[in-house]
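The sequence and the model come next.

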Amino acid sequence: MEHGKQVYEGKAKIIYETDNPDYYIQFFKDDASAFNAKKLGTIESKGVFNNSISSRLLQEVERQGVPTHFVEKLSEREMLVKKLDIILVEVVLRNIIAGSLAKRMGVEEGARLPNTIVDLHLKNDELDDPLINEDTAVAFGLATREELAQMREYAFKVNDILTSFFSERNIDLVDFKLEFGRCAAEGGKLLLGDEITPDGCRFWEKGTGRKLDKDRFRRDLGQVEDAYAEVEKLVIE
């Protein structure tokens, strides 16, 4: 697959056109950011780890019935994906109290929630990805109610799949972010896009709560590369 021009560069990835208008190449960088790019750094080999992890997890959720943009892993840092019109609504699922939820509710991290919480955020770094609701998303033309319902259904299914997947590997899936998009080549079909990696998920070792995700970078906990490498090993084996 031939590289075309760069069409997008984000905090963690670069997107390139290909010689097929229906596909993009997604390149994973080592750049790290937190607090909507207010903290910047580099995590050595993060792009390699994330490409490997996301390739495996996207294949797993697709195998179990959630359509994704993943086509194939091309190299250590690149995957071939279907071209999507990304919906600017991030879907965050929360199984255990952590991060911004703990801060928002004024409680300690660590308690398992009696039910999974779904938060919607506007995908906009300049505005710090503010919390929104379905009515707001519809009113501003970000998505239809039907799309939001489909996103919610897929998100819960992904949660079930990944919770079980990681539980078998002695890991709690604390919370995670998903992005969806419309695939023009498939008649506007809604697909899971972006990535599933320690950048956008919280992974805690069962029993100890040891963090195996980007919180090690956010909170200056050290051993960041080791955590990403450990998750990759658990996911690939």
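Is phenylalanine 166 buried or exposed, and what is its relative accessibility? In this predicted model, phenylalanine 166 has a relative accessibility of 2%, so this residue counts as buried. The cut-off for buried is under 20% relative accessible area. Phenylalanine 165 is buried as well, with a relative accessible area of 5%.

**Ring pairs**

The structure holds 3 aromatic pairs. Two of them are set out below.

| Pair | Distance between ring centres | Angle between planes | Geometry |
|---|---|---|---|
| Phenylalanine 165 and phenylalanine 166 | 5.2 Å | 75 degrees | edge-to-face |
| Phenylalanine 166 and phenylalanine 203 | 4.5 Å | 35 degrees | tilted |

The planes of phenylalanine 165 and phenylalanine 166 stand at 75 degrees, so this pair is edge-to-face; the cut-off for that class is over 60 degrees. For phenylalanine 166 and phenylalanine 203 the angle is 35 degrees, and the pair is therefore tilted.

Phenylalanine 166 belongs to helix α4 (residues 145-167) and phenylalanine 203 to strand β15 (residues 201-205), so their pair ties together parts that lie 37 residues apart in sequence. Both phenylalanine 166 and phenylalanine 203 are buried. Through ring pairs, Phe165, Phe166 and Phe203 are linked into a cluster.

**Charges over rings**

Arginine 169 lies over the face of phenylalanine 165, at 3.7 Å from the ring centre. Phenylalanine 165 is thus a residue with a ring partner in phenylalanine 166 and with arginine 169 over its face. Lysine 39 lies over the face of phenylalanine 217, at 4.8 Å from the ring centre.

Terms used:
Residues numbered from 1 in each chain as written. Predicted model: local features only at pLDDT ≥ 70, side-chain atom pairs only at ≥ 80, totals over all residues. Heavy atoms only, no water. Phe/Tyr/Trp six-rings, centres within 6.5 Å; stacked < 30°, edge-to-face > 60°. Buried < 20%, exposed > 50% of the residue type's maximum accessible area, 1.4 Å probe, protein only. Helix = DSSP H or I, 4+ residues; strand = E, 2+ residues; numbered from the N terminus. Lys NZ or Arg CZ within 6 Å of the ring centre and 35° of its normal.
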